[in-house]
Protein chains: 2
Amino acid sequence: MTQALRIGIAGLGTVGASLARILTEKAEMLTTSCGRPITIAGVTARDRNRDRGVDLSGVEWHADALSLASNAELDVFVELMGGAGDPAYSAVKAALARGIHVVTANKALLAAHGIELATIAEKTGALLNYEAAVAGGIPVIKALRESMTGNTISRVYGIMNGTCNYILTRMEREGLTFEACLKEAQRLGYAEADPAFDIEGNDTAHKLSILTSLAFGTAIAADDIYLEGITNISIEDIRAAADLGYRIKLLGVAQKTDSGIEQRVHPTMVPVDSVIAQVDGVTNAVAIESDILGELLMVGPGAGGNATASAVLGDIADIAKSRPGAQNVPAFGRPVEALIPYQRAQIQNHEGGYFIRLTVVDRAGVFASIATRMAEQKISLESIVQRSKQHTEGVEPQTIILVTHATSENAVRAAVEKIKAEGYLVGEPQVIRIERPKAA
Amino acid sequence: MTQALRIGIAGLGTVGASLARILTEKAEMLTTSCGRPITIAGVTARDRNRDRGVDLSGVEWHADALSLASNAELDVFVELMGGAGDPAYSAVKAALARGIHVVTANKALLAAHGIELATIAEKTGALLNYEAAVAGGIPVIKALRESMTGNTISRVYGIMNGTCNYILTRMEREGLTFEACLKEAQRLGYAEADPAFDIEGNDTAHKLSILTSLAFGTAIAADDIYLEGITNISIEDIRAAADLGYRIKLLGVAQKTDSGIEQRVHPTMVPVDSVIAQVDGVTNAVAIESDILGELLMVGPGAGGNATASAVLGDIADIAKSRPGAQNVPAFGRPVEALIPYQRAQIQNHEGGYFIRLTVVDRAGVFASIATRMAEQKISLESIVQRSKQHTEGVEPQTIILVTHATSENAVRAAVEKIKAEGYLVGEPQVIRIERPKAA
């Protein structure tokens with residue numbers, strides 16, 4: 001038998017503890033599949049004494065991640081601490097510099113330093129595997145980096161934040177407010193005490209930046225992402241979407257256009273009979289559209305200790321199955337020097353359908369004015385719905401909902417500005433982009 | 001630069017020609033991704049002179065696949081001829097025996113000889129890759145063989161035949177008969193002139209046998225599959241299913257039970273709000289349920305020259321990225337000697353919900369008799385629907401539809417036999433199993 005693969009685990013939180021338990025409980029099965037045992041050669045974590053449901057007494061403990069990465073006799077350094085900066089950053093760099101393979105679930109680290117880390121990995125021949133960093137248990141990194149080699153990708157998009165999808169699903173199913181659903185998500189452990197990072201879209205943006213690089217062969221550009229969270233989605237939007245045959249999902253979308261690559265994270269209306277519209281609760285989904293394969297959609301758990309540990313384990317197993325120094329899988333699908341600079345397509349040039357919800361004072365001519373403003377911008381409308389709870393002219397504000405055919409963000413913004421200037425709007429207009437799967 | 005990967009292509013039909021075109025048109029991109037060029041070092045096909053949209057004039061032509069596999073200087077032998085027997089069988093054996101990696105899209109060959117081929121591959125250190133053999137462009141082999149290493153699978157199931165799914169989708173959408181939809185599928189090239197292999201479920205069975213081996217670590221047992229095709233699904237079944245909140249799909253299902261592993265291919269009712277129920281037309285989908293990852297669902301094109309070639313290309317690229325002899329990925333997820341014999345769970349022991357549609361003569365006591373026969377077998381019912389077009393007692397046959405809670409195949413069969421013996425049935429009873437995704 002080939003000698004054991006020695007791994008060091010930095011971080012024994014939910015994912016790290018799951019991984020350690022699985023490695024222990026499934027040792028025999030893993031040895032059979034990988035052709036050699038996988039052993040935990042070192043660990044580090046903040047609290048050494050916490051009960052993690054696994055006996056780590058025989059394992060070498062290190063004071064910190066940098067010590068584990070720098071000093072332990074390892075084949076693979078598994079980074080499960082999270083965070084874009086130290087201790088994760090320096091430890092991963094140290095491991096790669098020593099030629100030790102790295103497996104990480106850290107999207108923030110890759111979004112901030114992915115290219116630098118890939119450069120070091122290439123120099124030393126180490127692998128940088130990060131399946132768990134995007135969409136948890138869904139093997140989307142492997143699909144893009146390996147299965148779809150040779151495909152030219154036109155769009156990759158997905159539901160990559162379980163917190164947001166849980167909130168939107170509950171709002172739709174139960175007619176509850178955003179605030180009520182967020183509280184429920186926090187109670188169930190699906191949302192952090194400070195939920196901003198999830199609900200403002202930043203978490204999705206980190207993941208999207210990684211997918212963009214893999215899909216389009218561009219350097220990671222996590223700061224060049226158009227970002228809108230879900231905090232201003234109201235139950236009225238969700239109901240209006242349902243009436244028109246749509247559901248609202250927070251999508252991350254990267255798309256090739258004539259003027260560059262769009263990277264955008266925003267609430268999106270998807271057709272209710274599309275597969276992705278059925279993805280409910282904390283489940284994630286990623287769709288990839290390409291010239292050869294066509295459309296591939298993958299649905300699965302995007303978070304959770306076990307699901308994330310499964311992805312980490314798959315990355316470790318890939319290394320275990322190959323002989324030392326034998327594989328050449330560039331971290332972002334091609335060598336760093338072959339990555340092209342990311343050229344941002346401005347959101348103003350985005351083309352697609354739009355949902356626009358306006359609350360207006362009820363007076364004669366408003367409807368005609370709105371229709372005129374749209375026509376001036378050459379926006380053609382798929383539908384216009386006017387709602388009145390009870391019609392007492394001049395008393396009750398009315399809701400007008402427009403769904404446009406494909407148009408440009410510029411046109412929509414110009415029309416909405418003109419309409420705002422008319423003075424008959426009550427509150428802010430709501431604008432939600434529509435995203436359609438390629439397949440019928 | 002490392003030296004080129006030399007591939008030989010046996011079979012230049014739709015998939016082979018697509019592959020040759022892609023290798024030519026995307027040569028630069030592939031070289032960048034794989035770290036070395038991929039060159040076509042030899043080909044063989046029945047007709048040398050056919051226009052395939054790619055210039056193969058400089059490529060060495062071989063008289064047959066065996067000659068290509070035995071004599072050419074190759075790193076990878078790509079078998080795209082199909083068929084369980086020769087020429088594919090002997091050629092693949094010859095290549096593996098020489099230590100040449102094999103990439104194949106041939107499900108029939110693997111179903112019949114997979115274990116023998118894996119044994120030869122292990123001896124010589126060759127890889128046997130076959131992503132394209134199951135569900136076309138969907139990377140389900142990679143998911144099971146690599147990503148999910150360490151997972152204990154409980155069930156794998158899917159829509160793996162585009163012809164059947166196309167027919168069922170059209171029947172549902174347009175209210176057409178099976179025969180009319182089959183003709184349309186043939187006209188569009190989605191079904192063969194002799195469609196038996198698809199519509200009777202054999203094609204799905206071949207694919208399922210491969211997934212079963214990967215999922216459960218068992219030797220392939222393609223002859224041990226319970227098989228029912230879609231030929232007796234009527235528009236009445238589809239309508240009744242819709243009324244009850246289900247859609248009918250031809251699924252291949254492999255499932256671990258107390259008495260062994262079920263392998264079954266049959267028309268199945270799936271809840272209409274499940275993700276898999278939305279998979280329409282020729283699209284395929286595969287779901288995998290496991291202890292660590294949870295539920296993973298992949299949806300994509302199951303056939304077509306380009307989609308299949310994409311999967312073949314992914315397999316070739318994996319080999320191109322690794323140095324010669326450097327990888328150890330057992331063909332069926334574990335070494336052949338570690339595969340356990342397949343132990344078949346009899347369909348009679350299957351447990352689940354059932355849809356039963358009975359056409360009965362309209363006379364007093366029939367309903368009570370049916371209910372009694374069900375109760376005798378301790379079958380509890382989720383719903384009973386009686387339909388009459390116009391009620392003129394004794395004249396018009398009536399339809400009675402039962403949906404059971406979880407029960408056993410034995411109980412259902414016993415109840416149906418008793419009911420048949422009563423003499424009030426018109427025609428044969430229709431029995432369709434219900435399959436529920438694990439996730440809510």
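How many Å apart do the C-alpha centres of domain 1 of chain A and domain 3 of chain A lie? In this predicted model, the two centres are 52 Å apart. The domain assignment of chain A gives three domains. Domain 1 is written in two pieces, 5–137 and 305–338. Domain 2 covers 147–301, and domain 3 covers 350–434.

Domain 2 of chain A spans 147–301, and strand β8(A) runs through residues 246–257. This strand is mostly covered, with 10 of its 12 residues buried. Two strand pairings involve β8(A). One is with β6(A), residues 153–159, and it is antiparallel over four bridges. Here Val156(A) stands opposite Ala254(A). The other is with β9(A), residues 260–271. These strands also run antiparallel, joined by 12 bridges. In this pairing, Leu251(A) has His266(A) as its bridge partner. Two residues separate β8(A) from β9(A), and the two strands form a hairpin.

The relation between the chains was examined next. Two copies of a chain are related by a rotation about an axis and a shift along it. For chain A and chain B, the rotation is 180° and the shift along the axis is 0.0 Å. The superposition has an RMSD of 0.0 Å. The two copies are therefore related as by a two-fold rotation axis. Met298(A) has the C-alpha nearest the axis in chain A, at 2.2 Å from it.

The contact between the chains takes 51 residues from chain A and 51 residues from chain B. On the side of chain A, α2 (27–34), α6 (140–147), β11 (295–301) and α12 (305–321) each supply at least two residues. The largest share comes from α12(A), with nine residues. By class, this side of chain A has 24 nonpolar, 18 polar and nine charged residues. Of the interface residues of chain A, 100% are also interface residues in chain B, so the copies meet through the same surface.

Strand pairing also links the two chains. β11(A) pairs with β11(B), residues 295–301 of chain B, in the antiparallel sense over three bridges. Within this pairing, Val299(A) has Leu297(B) as its bridge partner.

The largest nonpolar core has 297 residues. Which of them touch the most other members? They are Val312 and Ile316 of chain A, together with Val312 and Ile316 of chain B. Ile316(B) shows some of the contacts made beyond its neighbours within four places in sequence. Its partners there are Ile7(B), Ile38(B), Val76(B), Val78(B) and Val103(B).

Conventions
Residues numbered from 1 in each chain as written. Chains lettered and ligands numbered in written order. Predicted model: local features only at pLDDT ≥ 70, side-chain atom pairs only at ≥ 80, totals over all residues. Core = buried A, V, L, I, M, F, W, Y, C linked by C-beta atoms within 7 Å. Buried ≥ 20, exposed ≤ 12 C-beta atoms within 10 Å, placed from the backbone. Contact = placed C-beta atoms within 7 Å. Domains from an automatic or database assignment. Nonpolar A, V, L, I, M, F, W, Y, C, P; charged D, E, K, R; others polar. Pairing = 2+ DSSP bridges. Least-squares fit on C-alpha atoms with pLDDT ≥ 70 in both.
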